[in-house]
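The sequence and structure come before the details.

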Amino acid sequence: MSETENNTTTPEDDQTEYVEDGKNKMTIKCQFCGSKILEKKTAKYIPQKKELPLMKQDVNRKEGEVQKEMLDGYYHVENMYIFENIGFTHQVESYKYLICADCDAGPVGYYDLDTKHSYVALSRVIHC
């Protein structure tokens, strides 16, 4: 096996590094300003795949186009009052996107208006 193949990580690797007993092992913070989003052990990990808009859109994209990426692995938060710090965007279809309430960076996840549950992407936050 080559050195490159040994250094690849999978969502399962992220789960073992950041998840313990099915919940976030560490405090979750904004990757831009460091503001605390979730305390340890407050959100359940789910291996869900969901497409989110890119945090930084290409300035040369077509007008009105929203660039997206498929993300795998989310923290499920049943009650919005569990968050230490989170903001919500305007409604897009049956969702609101989650952003950092301090610096407006995001989306870091989404809020489902039908279920009233929130989902934070592991790859959009830092674990401390």
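Is D104 buried or exposed? D104 counts as exposed because its relative accessible area is 55%, where exposed means over 50%, buried under 20% and partly exposed in between, with a 1.4 Å probe and protein chains only. The model is a predicted one, in which local features need pLDDT of at least 70, side-chain atom pairs count only at pLDDT 80 or more, and totals for chains, interfaces and linings use all residues. Residues are numbered from 1 along each chain as its sequence is written, and side-chain values use heavy atoms, with hydrogens and water left out.

**Fold and chain totals**

- The chain contains two helices and 11 strands; these are DSSP runs numbered from the N terminus, with helices being H or I of at least four residues and strands E of at least two.
- Read from the N terminus, the order of elements is α-α-β-β-β-β-β-β-β-β-β-β-β.
- Buried residues make up 38% of the 128 in the chain.
- Of the contacts (heavy atoms within 4.5 Å) between residues at least 6 apart in sequence, 48% link residues at least 24 apart.
- The chain has an accessible surface of about 7,800 Å², and carbon and sulfur atoms account for 45% of that; accessible areas come from the Shrake-Rupley method with a 1.4 Å probe, and for residues only the protein chains shown count as cover.

**Nonpolar surface patch**

- A nonpolar patch on the surface consists of M80, Y81 and F88, which together have about 340 Å² of accessible area.
- Patches are made of residues with over 30% relative accessible area and no salt bridge, joined within 9 Å for like charges and within 5 Å for nonpolar side chains (Val, Leu, Ile, Met, Phe, Trp, Tyr).
- A salt bridge here is a side-chain nitrogen of Lys or Arg within 4 Å of a carboxyl oxygen of Asp or Glu.
- F88 belongs to strand 7, residues 87–92, and is classed as partly exposed because its relative accessibility is 32%.

**Backbone features in loops**

- Most residues other than glycine have a negative phi, and most peptide bonds are trans.
- D104 is not a glycine, yet its phi is positive, at about 65°; D104 sits in the loop between strand 8 and strand 9.
- P107 is in the loop between strand 8 (95–99) and strand 9 (109–112), and the peptide bond from G106 to P107 is cis, with omega near 10°.
- K116, also a residue other than glycine, has a positive phi near 65°.
- The loop between strand 9 and strand 10 (117–121) holds K116, which is partly exposed because its relative accessibility is 46%.
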